[in-house]
Amino acid sequence: MSNVDDRADVVVVGGGPAGSTTASLIAMAGHRVVLLEKEHFPRYQIGESLLPATIHGVCRMLGVTEEIEKAGFTVKRGGSFRWGVNPQPWNFLFALSPKLSAANSTAFQVERMKFDEILLRNAQKLGVDVREGCAVTDAVQTGGRVTGVTYTDESGQSRTIEARFVVDSSGNSTRLSKYAQGKRIYSDFFKNLALFGYFEGGGRLPAPDSGNILCAAFDEGWIWYIPLSDNLTSVGAVVHRDQADKVRGTQEEREKSLMGFIDRCDIVRDMLAGAKRVTEGTYGEIRTRKDYSYTNDSFSAPGIVLAGDAACFIDPVFSTGVHLATYSGLLAARSINSVLAGTIAEDRAMAEFEARYRHEFGVFYEFLSSFYDMQANEDSYFWKARKVTNFSATDIEAFVTLVGGVASDEEALTDAESVVRRFRGSSTALEDAVERTGTMQTESGERMFALFGTKVVRDVMDGMNEVQARGAYGENAVNPVREGGLVSTPDGLHWQEPATDLTAA
Ligand code: FAD
């Protein structure tokens, strides 16, 4: 029998980037936060290539910039791609965005065991009551509101904790997302599987791009090549679900499949010539992930908020997962802080959270869909599969459902046709830009610049810049993302009404 053992203002479930960010930013506003994490950190996680918005935005707000700089992670200036019709690799450099200052235009490739632990220990320092080895088993509801959770503590004892808000940041295997009164919708477009392992002694791209993620398309899909340190490289193949039989099986069978994929991807095969696969310890296993592209059709309900992978995830190709996790953590914290402070009503605060999170998700969804679509080698098995699933009536419906939620202000809800038209236009524009961009000539800003001229890339940059600007400069409120929407307070921790423009007639 479980009694109420404890009370907190907020219970956060899961100590990944979404959970640590949300918990820290709520504790910074002076509230009592308990974070329940089923593992003991450091623990393994995939998702090693980060974006500048996380590093220069959210991490700065959390106060971990110095610690992260000291950790010695590989500096990432952007991405190098062997993708699209261009047979030559080309670069995507953050610094070439007219919106990013030189100082804020890099990110890191991180071993998630180390990165996630920095964020979790920082949450502890900020006053969050972090309880590791505590697996949440269910949510508690009272009168249609989530009022707490039950969990099994380190000693195996069942416990209950009450809170005014529960944040579900327990990742893609969440048990609580159903309490947000919605269901998980899997993407019809990104029906991919991933198979990944680690190598020692792999080659590096020529300086100054040696820290870039390399993404290389091949017949069955594409491969990521992430330089985690001078010696350690993360290598993963993303293939269509139809390849499932190659991805399952024993370690030996998985190794054979991964090495087979690598063998058919020239650029990665050459980089790994002379490298040795890690076969022992945390990095010794060849892991798989499937069905990872989804969104919940509701991100919140009375008393509960979903952040990070518990709410949605798109695809690894542009390293958006940790960005969406930390950004949604920031948005969730602002909404909860405002309600706890009594300054904004709960339904309004949650509508703001959901609208902004869906907007960011929608922009990236469009970007990544366009990115996959611009692969013009339609003879290949993988890319044909992408085309086949694309733009059918059901896909349009799925797309609209994906980017538009009940509380969202997405254009997709009201004008699906233009979204689809733009989506088509985006991939053509991207393809064209990549063509003009040319080869891997990183010193030539002009040649890279074409990519940033496309609307879809500008939108992505705009979204990330808002987060960065606040982290870097503590800048005052950005514009509301929708009519009647809220803006952030100057400290970034709450919402407030936008200032009335007195100059308007
Ligand atoms: P998680 O990091 O999954 O953290 C959730 C935490 O909750 C875990 O620590 C878990 O132990 C805990 N937990 C789970 N259940 C319970 C419970 N019942 N009780 C208590 N605790 C619980 N993202 C990038 O940014 N860059 C990349 O390069 C990238 N590559 C990827 C490659 C693949 C193949 C995939 C599938 C994803 C990739 N991602 C990438 C996405 C990234 O892995 C996730 O988006 C990110 O980890 C989400 O963070 P999170 O905090 O929401 O969840």
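Predicted model: local features only at pLDDT ≥ 70, side-chain atom pairs only at ≥ 80, totals over all residues.
In general, two packed helices are described by the angle between their axes and the distance between the axes, and I will give both for each pair.

Take α1 and α8 first. Their axes come within 8 Å and cross at roughly 30°, and because that angle falls under the cut-off of 35 degrees, α1 and α8 are roughly parallel to each other. As for handedness, α1 passes α8 in a right-handed crossing.

Now keep your eye on α1 and look for helix α4, which covers residues 112-125. Here the axes of α1 and α4 come within 9 Å and cross at roughly 20°, which makes α1 roughly parallel to α4 as well. This time, however, α1 passes its partner α4 in a left-handed crossing.

Let me turn to the ligand. Which elements each supply at least two residues of the shell around the ligand? They are α1, at 17-27, β2, at 33-37, β8, at 135-142, and α8, at 321-341, and of these α8 gives the most, with three residues. There are 36 residues around the ligand in total, and Glu37, Gln45, Ile46, Ser49 and Asp309 come nearest. Sorted by class, the shell is made of 16 nonpolar, twelve polar and eight charged residues.

The side chain of arginine 112 has an N or O atom 2.9 Å from an oxygen atom of the ligand. Backbone atoms take part too: a polar backbone atom of serine 319 is 3.5 Å from a ligand oxygen, and a backbone N or O atom of glycine 321 lies 3.4 Å from an oxygen atom of the ligand. How much of the ligand does the protein bury? Taken alone, the ligand exposes 1,000 Å², and the protein buries 95% of that.

The peptide bond from phenylalanine 41 to proline 42 is cis, with omega near 0°, and proline 42 sits in the loop between β2 and α2, the latter being residues 52-62. A cis bond also runs from alanine 207 to proline 208, with omega near 5°, and proline 208 lies in the loop that joins β12, at 192-200, to β13, at 213-218. Finally, glutamine 181, which is not a glycine, has a positive phi near 65°, and you will find glutamine 181 in the loop between β10, at 158-168, and β11, at 184-186.

Key
Residues numbered from 1 in each chain as written. Heavy atoms only, no water. Near = heavy atom within 4 Å. Polar contact = N/O pair within 3.5 Å; in protein donor to acceptor, adjacent residues only side chain to side chain. Areas by Shrake-Rupley, 256 points an atom, 1.4 Å probe, with all protein chains shown as cover. Helix = DSSP H or I, 4+ residues; strand = E, 2+ residues; numbered from the N terminus. Nonpolar A, V, L, I, M, F, W, Y, C, P; charged D, E, K, R; others polar. Axes fitted to C-alpha atoms, helices over the stretch in contact; angles between N-to-C directions. Parallel < 35°, antiparallel > 145°, perpendicular 65-115°, else oblique. Left-handed = near helix turned anticlockwise from the far one by under 90°.
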